[in-house]
Amino acid sequence: MMESFTALHGLVAPLDRANVDTDQIIPKQFLKSIKRTGFGANLFDAWRYLDEGRPAKSDAGRPLNPDFVLNQPRYQGASILLARKNFGCGSSREHAPWALAEYGFRALIAPSYADIFFNNCCKNGLLPVTLTEAEVDRLFHEVAAFPGFRLVVDLEKQTVATPDGGKVMRFDIDPFRKYCLVNGLDDIGLTLRHADKIRAFEERRRFEQPWLFG
Amino acid sequence: MIARTLYDKLWESHTVHVEEDGTTLLYVDRHLVHEVTSPQAFEGMRLARRKPWRVSANLAVADHNVPTTDRSGGIADPVSRLQVDTLDRNCEEHGIVEFRMNDARQGIVHVIGPEQGATLPGMTVVCGDSHTSTHGAFACLAFGIGTSEVEHVLSTQCLLAKKMKNMLVRIEGPLARGVTAKDVALAVIGRIGIAGGTGCTIEYAGGTVRSLTLEGRMTLCNMSIEAGARAGLVAVDEATLAYLKGRPFAPRGELWDRAVAHWRTLKSDPEAKFDREVAIDARSVKPQVTWGTSPEMVVTVDERVPDPDREKDAIRREGMERALTYMGLKPNTPMTDIRIDKVFIGSCTNSRIEDLRAAAAIVRGRRLASNIRLAMVVPGSGLVKAQAEHEGLDRIFKDAGFEWREPGCSMCLGMNADRLEPGERCASTSNRNFEGRQGTGGRTHLVSPEMAAAAAIAGHFVDVRRWR
């Protein structure tokens, strides 16, 4: 079971650059782990720290890069990451959403995402919200202008709103993804409800294209 | 009957079940497994007390972490070693076929699949690696997945997916001498951008694609993900069949004939409609060199480093400025003035025998330039390496001063010991020039094998069309 996602009221942190790739989100040296946890401290490692991060070493006491946005005091505790287009491009590493989630993010807001990354987020209860470029642009201005800027992301209503409800933006999501996220469902369990169908499909395929089953 | 694209045909023939919103349960014929993205999936399966649905659909190999130097003593780095040992243990526990590190067939997962005939036309092929798009060169639907999906495939032999849009990239005309599939791939990315294919499956068609070898088609499909497309496709033709015949996992005898009859249908219908079409004139494609930190930041070798001052879009301009700072480059510098420190010939993009032959032809009888600190050739598999040695290519490289290594992903992403030091500049035949990709602070320029070889000899980028 993954954590279910209904509504989130959270502090917003802005990462104002386009095409942030998964190599930046979690650099390769941390992919050597055989666990699903322990990636949060190395999220955006090369941007966040001034020295080079090493796997299986403590990150305590490493020098932080004061210019990196997530190191600024006003964004501590952020649970919503505001990003630019094509966020999460590149490698298929699911360590990227694992790192984002473990750091504390529960939702992302961007004009677009890379396909594999988008999928990987949904499998981990990390909601990738897609808004228009204009809406995202406006949010970047508001985050910069108002310290402590928060948003309410409501998956059931499919809206992003300012806490006072003054501004409400709608977003789309596939109904099936929404169903899985809202209920925190393990989709392997859901798929196995169709085990008979899979078996029947497989048998027909084995008969028609036996060379695939050598 | 409605005209269908190759992608439509592959999608429909693997559909097991469709949810109301179109989410589809898609059957997976071949699952390729490597050490980096699988341990958590095996662990998840164990915790849920599940077993692999169809063991024989899986083929495993360790490639990302393996050393490319002498392996007789095992892996020195304990963290890398644990990951490779974990793959060995998981495969042994479940009876999954694995080519272990010292097996002659070991290599980069996207090289060995086709090499073994484990990748066949009409299949769905998935792997926890974004460059799975490579296999689409064989008219199979092949795409990268995350670790949760690896577990899903292991446990159910299916994936939940939404159908992508159909995009056609038609490439016509002859390629000039010294212009390769890699240059075409980079030119396509330069044209449509790194998100240009997002949400699409790209089919590559046209006379130029037909004239490419399967190795070249793999290079082209490999880079689809760098244009945002999870999958690239090329239709079956005689070259596809000739490549596959006699491969260890390919069908034989009567089954081969039956398979071929089916495979010949694996092409888009003439009237099929694509959601988007892009036309490329191969005659206009020149050798490409990336200058920035994204594969779309690419120019031709006879051009100069772009000037951000000429970019009107503010977000793009900032991205260019940041990239130039990271790359240590000044606007308007001729690309051929850029001097390099290291050369990497390898990766799932360009480490096949054809790539090594092409690079060796440039290098033959010459020596590395004095400013080159390291030039390495990393064959894509043990079998590629053996073939190259049989042809004497290793001698050509070694005589020139290159290091001749063992197969693996190596300095494409530097998960093993092969990496750039901060500030080092590399001519690389790999696929990603992201910040830190080849080592923290390293500066990557993506090029073809010929261009990398020529840069190693000259010490800076040169137009390989004028070589010799």
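A cavity is a set of grid points where a 1.4 Å probe fits but cannot get out. The legends below describe close-up views of a predicted model.

Figure 1. The largest cavity has a volume of about 210 Å³. Its lining comprises 23 residues, and those nearest the centre are B:His64, B:Asp129, B:His131, B:Leu413 and B:Arg437. By class, the lining of the largest cavity holds 8 nonpolar, 10 polar and 5 charged residues. The second largest cavity has a volume of about 90 Å³. It is lined by 14 residues, with A:Cys89, A:Gly90, A:Ala114, A:Asp115 and B:Ile225 closest to its centre. Here the lining divides into 6 nonpolar, 6 polar and 2 charged residues.

**Figure 2. The second largest pocket and its lining.** Two or more lining residues come from each of α6, β14 (298–300) and α11 (314–327) of chain B. Of these elements, α11(B) gives the most, with 7 residues. The lining of the second largest pocket is made up of 18 nonpolar, 10 polar and 15 charged residues.

**Figure 3. The interface of chains A and B.** Contacts across the interface involve 74 residues of chain B and 60 residues of chain A. The two chains bury about 5700 Å² between them, with 57% of this area on carbon and sulfur atoms. B:Gln40, B:Trp53 and B:Ile315 supply 11% of the area that chain B buries against chain A, more than any other three residues.

**Figure 4. Nonpolar cores and the surroundings of B:Trp263.** The largest nonpolar core contains 219 residues, and A:Phe44, A:Phe87, A:Leu100, B:Trp263 and B:Phe402 have the most contacts inside it. Helix α6 (residues 181–192) of chain B contributes the largest share of this core, 8 residues. A second, separate core has 8 residues, including B:Phe344, B:Leu374, B:Val378 and B:Met411. Apart from neighbours within four places in sequence, B:Trp263 contacts A:Trp211 of the partner chain as well as B:Leu120, B:Pro121, B:Val236, B:Leu241, B:Leu244, B:Pro251 and B:Trp256.

**Figure 5. B:Cys158 in strand β8 of chain B.** B:Cys158 lies in strand β8 (residues 158–161) of chain B. Because its relative accessible area is 0%, B:Cys158 counts as buried. The C-alpha atom of B:Cys158 is separated by 47 Å from that of B:Arg373, which lies 215 residues apart along the chain.

**Figure 6. Helix α6 of chain A and its packing partners.** In helix α6 (residues 175–183) of chain A, the buried residues are A:Phe176, A:Arg177, A:Lys178, A:Cys180, A:Leu181 and A:Val182. These residues pack against α4 (115–122), β4 (127–130) and α7 (187–192) of chain A, and also against β8 of chain B. Just after the helix, A:Gly184 takes a positive phi of about 60°.

**Figure 7. Helix α12 of chain B.** Helix α12 (residues 353–363) of chain B is mostly covered, with 8 of its 11 residues buried. The buried residues are B:Ile353, B:Asp355, B:Leu356, B:Ala358, B:Ala359, B:Ala360, B:Ile362 and B:Val363. Just after α12(B), B:Gly365 takes a positive phi of about 75°.

**Figure 8. B:Thr208 in helix α7 of chain B.** B:Thr208 is located in helix α7 (residues 207–211) of chain B. Its relative accessibility is 2%, so B:Thr208 counts as buried, the limit for that class being under 20%. Leaving aside neighbours within four places in sequence, B:Thr208 is in contact with B:Ile171, B:Glu172, B:Gly173, B:Leu175 and B:Ala282.

Note on methods. Residues are numbered from 1 along each chain as its sequence is written. Chains are lettered from A and ligands numbered from 1 in the order in which they are written. This is a predicted model: local features need pLDDT of at least 70, side-chain atom pairs count only at pLDDT 80 or more; totals for chains, interfaces and linings use all residues. Side-chain values use heavy atoms; hydrogens and water are left out. A nonpolar core is a set of buried Ala, Val, Leu, Ile, Met, Phe, Trp, Tyr and Cys residues joined through side-chain atoms within 4.5 Å. Buried means under 20% relative accessible area, exposed over 50%, partly exposed in between (1.4 Å probe, protein chains only). Helices (H or I, at least four residues) and strands (E, at least two) are DSSP runs, numbered from the N terminus. Contact means heavy atoms within 4.5 Å. On a 1 Å grid over the protein atoms alone, a cavity is a set of points where a 1.4 Å probe fits but cannot get out, and a pocket is an open set with protein on both sides within 12 Å along at least five of seven lines; lining residues have an atom within 4 Å of a point. Grid points are joined across faces, edges and corners, and a volume is the space filled by probe spheres set on the points. Ala, Val, Leu, Ile, Met, Phe, Trp, Tyr, Cys and Pro count as nonpolar, Asp, Glu, Lys and Arg as charged, and the others, Gly among them, as polar. Buried area is the accessible area (1.4 Å probe) that two parts lose on being put together, summed over both.
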